[in-house]
Amino acid sequence: MFKMIFGRKLIQSKSLQIHRLFATSISKRIEDRKLGRLALLRKAIDEIYQNQNHNNRNFDWNDARKQLYERQIHFPSNFEFTLLSAFDVNNVQSYDEQYQLDSNLFHEIANFVSKSKTLQSNKIASIRFCVFLSQYPQYLTEQQLEFIRKIALSIANDSIQIKPVIIDIVTALAHSSPENCRLACQLLPKFLTSQKYAFSLRLEIIRILFQALINHRMSEELLQFLQQNSQIIDNIDLTTFGQLISLIAKTRLSSRKFSKQNLIDMIRCLSDLHMPLLADDMVILVDKILKQKLGYKHIEDVQIDRIKGICPCCGNQLTGLNNDEFLQLKQHFKSIIFDSNDQYMMDNLTEYHLQLMDFEQKILIDDHDSNKPRYDLIVDGLNISYRRSKSIVQDKTGLRTFAKVYKVKDIDNQIVTIMEQNYLMSKYKRILLIGRQHMKSWFQLKRMCQHYSKSIDLNLLLDRTRDDNYILYAAIQHPQTMILSSDHFKDHQNKFIDWYRNNNNSFIENNEIRPNLGLIFKRWLKSRQIRIEQGSNLLQYPNQFDIKIHFHHSNDNPESELPILHIPVVLIPDPYDNDDHKIGWICAMDKLNKKLNKK
Ligand SMILES: [Zn+2]
């Protein structure tokens, strides 16, 4: 019976897969055919236009329609908008990269569409026309630019705002001309009045505008824009970060418009984004920005002590989360981490409610000295016990769950081996090992906890408890407490990101920027979490400082306008895409600090 159900499920999922493959190929074919038809229309219009031009006749759309009909090229009733699709740059480029629209033909099309009745009555149609116009900025007349501005202003003042509409009109404004791009920046607050998606929309618009500001070489505005927005841009990926650096590298220095100091401020904004650089982007930053534009003379690879964070080259210290940030995180931690699921269990099942109260008594009450943590190490018992090992990979049937592959003896041994081999009981005075009730019967674990009864507290939670919530909750109690776990706590990070993004009502309270708890949680975890290296029992201890561009001012040479920079580079990208890259550091100074280098 069991097998049958399982078999059916397998078949279902397989047919679903085939279905999906089939569906994508169908939609691709439909797309290809659509592009083909549009290309045919584009080519025909082009030819008709060239012929009439050749015969010194004015281009006439009625005549053109007739000729299209003769060529058996049919189009839907809304001819104007089919035209816009046929000459839409995205459609053109995905079909025929070589095609160039003649400027006069562009104006014939634009004039023809601008007289369309649909356009006058339908705002969505007008926006589409604006997007089309902005794709040919080199041809635009002042009148057309004015048309885009007019539509944009009317949308900015709409009481109900629709996300794709705003994105389209901001795109049209930003691409059409520098002046319009400036207007888009000015209208930004108006486009973001809707509370519902203000933050995600802001992220998207900021990206569009940022790119456009660079394309128009509006360095001055770009700097201002970055300074206003870099702190709220979050979850940016390595590729985008690299694009930003390339864009900044393209800006031209001039003492009046974009000075060296402006460029340094720009790097400071990059630092706010808390990102490491890919090797190629590092080359651009070092060669094109630091050396060529700013005149840095001394740049070298350095190894930085993971606890002290001191650079052997310049002697500066790299820092991580400060006390205020830690307290902000701690303040909101419990309400964010224990979500509605936990709340449901606690409200409905007394034993879960009692469990949390009991747990809090254990972790929250400090002995006598609040400077010292109650626990220096929290061990994620389940995660350490059930780590993937070779014996699991060898299960070729793949039908059993990881937990079933293991014999209790193996998992029991594994946690004990890792803790003993790494001398955790001598490194940490007070350890809280969190697990679940079913671990009660593990013999080796019991033996270890009895042997080290002075240093290890064992806390076994009810079997259905989300134990990772308890692990993090225990760890946030003190800034020095460490966590031993190989979990990535992605769900938890998302809870903090959601809190940040979705609480826009109080985005700015008393002119204070809402703390980006998504980022703060990530930084906190990165500096507190000890992991186990893949395929071994060796521990990977975290850096106590942030993975971001660090700024320092030279004490030896206070007149120097160039700060000392420490820049993180991705040496080996995380193959599992968990943002767990191997990082190297570069120290950049305008000249060698001789005093320090003598020793
Ligand atoms: Zn240094």
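Of the 599 residues in the chain, 29% are buried; a residue is buried if 20 or more other C-beta atoms, placed from the backbone, lie within 10 Å of its own. The model is a predicted one, in which local features need pLDDT of at least 70 and side-chain atom pairs count only at pLDDT 80 or more, whereas totals for chains, interfaces and linings use all residues. Residues are numbered from 1 along each chain as its sequence is written.

Begin with a cartoon view of the whole chain. It shows 28 helices and 12 strands, which are DSSP runs (helices H or I, at least four residues; strands E, at least two) numbered from the N terminus.

Next, select Ile169, Val170, Leu173, Ala184, Leu209, Ile567 and Cys587. Within the largest nonpolar core, which has 77 residues, these touch the most other members. A nonpolar core is a set of buried Ala, Val, Leu, Ile, Met, Phe, Trp, Tyr and Cys residues joined through C-beta atoms within 7 Å. Another core, of 44 residues, lies apart from it and includes Ile378, Leu461, Tyr470 and Trp524.

Return to Leu173. Beyond its neighbours within four places in sequence, Leu173 contacts Ile148, Ala152, Asn180, Cys181, Leu183 and Ala184.

Finally, select helix H14, residues 260-272, which contains Cys269. Cys269 is buried because 21 other C-beta atoms lie within 10 Å.

Methods: Buried ≥ 20, exposed ≤ 12 C-beta atoms within 10 Å, placed from the backbone. Contact = placed C-beta atoms within 7 Å.
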